[in-house]
Amino acid sequence: MKNLKVAFLSMFVALFIVTSCTNDEPIGDNTQNQTEESTSITTALDELQAKFNADGNVVAETNPAGNIVLDFCFDFVYPLTLSYNNGSTVTVNDLDGLVDVMIGSTDELYINGIAFPFDVETFNDDTDTIEVETIDDEGEFIELILSCEFDDFEVCECFEVYDPVCVEVTDPNGGTFIVTYPNECYAECDGFGEDDFVEDCEDDYYAGGFECFELNYPISVVTESGEVITINSEEELGTALYDVYVFDFVYPFTVTVYDEEDGEAEVVTINSAGDFEDVIEDCYDDYYDDDDYYDDCEECEDLPIDPVCVQYVTATGEVVVEVFPNACFAECLGFDSDDFVDCENDNNPQECDEASITASLAECEWYAFSTLTPESDFEIDFEADGTLTAETDTDLVSGTWQISTNPNGVITMTLTIAAPLDGLNGITWTVTECSDEFILLQTNNGQLLSLEKDCE
């Protein structure tokens with residue numbers, strides 16, 4: 001029986017088949033000593049916390065592989081002993097415990113120390129292997145942090161085409177598991193190349209968010225170590241399996257299958273991995289029969305990937321920015337160079353500086369469009385005190401906003417906002433284009449938030 005691994009891609013809830021192990025248990029003898037103050041643990045936890053929202057759930061859009069080592073840089077091998085700035089200590093036994101510590105930290109009480117030595121799992125690009133490395137002191141921890149290049153932030157411009165590629169990764173115990181990406185661009189953003197891709201990926205593995213079926217929660221999964229995890233939502237699923245390489249479902253469970261043509265829904269009982277694969281294959285076939293967006297542009301497929309962004313206004317008045325693999329695809333689908341907007345962050349610095357953006361946002365209301373919210377268009381009123389009010393067709397919600405500039409001069413925005421717009425939370429939005437009337441923000445894997453000023 002094939003084991004199953006769930007990963008969350010930028011635009012997809014990905015379900016894929018893998019083989020390997022979990023790292024819930026420490027590998028080797030890792031006896032820890034008294035904690036020492038460490039600037040590196042503070043940096044590591046700050047960077048890791050950005051992968052989670054305020055509720056402690058993995059942010060799908062910033063974790064395309066759905067695996068902590070590939071998406072973050074490394075994973076701790078547990079148990080791990082940490083110390084707070086007041087001298088007290090805490091031992092965390094798994095990633096869930098570490099997340100609890102992170103989201104429970106405050107400006108007054110926070111982690112600033114760790115017990116050496118400890119082990120981490122890191123990814124070897126040359127061998128496509130996750131390896132265990134021992135960190136003996138602060139100097140080695142600093143080297144690890146520097147190797148992660150957290151400060152070298154680059155926006156990953158990928159396109160919304162489902163043409164899956166799979167890569168095979170070896171885990172620390174010598175087993176292998178498969179990571180599925182929606183297309184080659186997302187895989188390359190994680191450092192993989194054509195030589196790493198597994199042949200006939202779509203025949204054996206599946207990644208998709210085509211809304212043709214949903215898992216009915218709660219469900220339970222069992223890891224290779226025998227641990228049974230009960231999961232109550234899609235968000236919990238991603239978080240629970242973020243550092244797990246192998247799991248299998250506890251059968252039976254049910255899924256709701258949707259018929260795209262008539263809109264009807266049917267609850268289907270899944271009694272085995274075979275039953276689940278049948279549902280997946282039907283979904284995959286239906287998607288490619290009905291929705292292959294780029295079938296008429298086959299002549300563009302062999303051209304180099306050189307993403308272009310197109311901005312246009314729909315019949316309902318919303319401003320849409322779409323990313324295409326290259327200009328050929330955009331032109332094939334009816335756009336021309338006059339429709340192209342800059343995908344890079346090389347705008348006039350006098351227009352795209354933190355102060356001017358902050359002031360502009362507080363002047364008027366803004367029409368907003370995002371690829372990450374159930375209602376893609378809505379209105380936001382940004383207040384100078386950092387609060388905001390957003391209005392959809394059905395809801396009026398409040399929240400907070402903040403603009404900042406990182407050491408590399410990249411301007412970013414963070415939002416905290418109530419449902420149904422909470423899909424924007426926990427994400428570092430990078431300003432990639434701006435003027436006094438229009439601001440375009442993106443995640444590192446291409447999700448969009450566009451803002452158009454409305455002073456009327």
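A polar contact, as I use the term, is a pair of N or O atoms within 3.5 Å; within protein, one must be able to donate a hydrogen and the other to accept it, and residues adjacent in sequence count only if both atoms are side-chain atoms. One such case here has the backbone oxygen of Thr127 lying 3.1 Å from a polar atom of the Thr129 side chain.

Some ground rules. This is a predicted model, in which local features need pLDDT of at least 70 and side-chain atom pairs count only at pLDDT 80 or more, while totals for chains, interfaces and linings use all residues. Residues are numbered from 1 along each chain as its sequence is written, and side-chain values use heavy atoms, with hydrogens and water left out.

The overall numbers, then. The chain has 10 helices and 29 strands; helices (H or I, at least four residues) and strands (E, at least two) are DSSP runs, numbered from the N terminus. Of its 456 residues, 50% are buried, where buried means under 20% relative accessible area, exposed over 50%, and partly exposed in between (1.4 Å probe, protein chains only). The accessible surface is about 20,800 Å², and carbon and sulfur atoms hold 42% of that; the areas come from the Shrake-Rupley method with a 1.4 Å probe, and for residues only the protein chains shown count as cover. Contact means heavy atoms within 4.5 Å. Among contacts with a separation of 6 or more, 60% are between residues 24 or more positions apart.

Back to Thr129. It belongs to strand E9, residues 129–135. Is Thr129 buried or exposed? Thr129 counts as buried, because its relative accessibility is 15%. Beyond its neighbours within four places in sequence, Thr129 is in contact with Thr122, Phe123, Asn124, Thr170 and Asp171. Thr170 is 41 residues away along the chain, yet the two C-alpha atoms are separated by 4.5 Å.

Thr170 takes us to strand E10, residues 165–170, which runs antiparallel to strand E11, residues 176–181, with six bridges joining them. Two strands pair if DSSP finds at least two bridges between them. Val169 has Phe177 as its bridge partner in E11. The two strands form a hairpin with five residues between them, and Gly174 in the turn has a positive phi of about 95°. E10 also pairs with strand E12, residues 197–198, in the antiparallel sense over two bridges; there Val167 stands opposite Phe197.

Next, the cores. A nonpolar core is a set of buried Ala, Val, Leu, Ile, Met, Phe, Trp, Tyr and Cys residues joined through side-chain atoms within 4.5 Å. The largest has 49 residues, and those touching the most other members are Phe74, Phe76, Phe141 and Tyr181. Helix H3, residues 95–104, gives the most to this core, with five residues. Apart from it lies another core of 29 residues, including Met413 and Leu451.

On H3 itself, the buried residues are Leu95, Gly97, Leu98, Val99, Val101 and Met102. They pack against helices H1 (39–49) and H2 (68–71), and against strands E4 (74–76), E5 (80–84), E6 (89–92) and E7 (111–115). At the start of H3, a side-chain oxygen of Asp94 comes within 3.3 Å of the backbone nitrogen of Asp96.

Thr256 sits in strand E17, residues 253–258, and is buried at 11% relative accessible area. Which side chain joins that of Thr256 in a polar contact of 3.0 Å? The partner is Asn216. Other residues in contact with Thr256 include Cys212, Phe213 and Val267.

E17 is part of an open sheet of three strands, ordered E13-E17-E18 with antiparallel pairing. E13 (213–215) and E18 (265–270) stand at the edges with a single partner strand each, so one side of each has no neighbour in the sheet. E17 and E18 pair over six bridges, with Thr254 and Thr269 as one set of bridge partners.

Last, the barrel. Eight strands close into it in the order E22-E23-E24-E25-E26-E27-E28-E29, with antiparallel pairing. The twist averages 35° from one strand to the next; axes are lines fitted to C-alpha atoms, for helices over the stretch in contact, and angles run from 0 to 180 degrees between N-to-C directions. Helix H10 (residues 354–361) packs on the sheet, touching strands that include E22, E23 and E25, and its direction makes about 165° with that of E25. Five bridges join E28 (438–442) to E29 (448–454), and Gln442 has Leu448 as its bridge partner.
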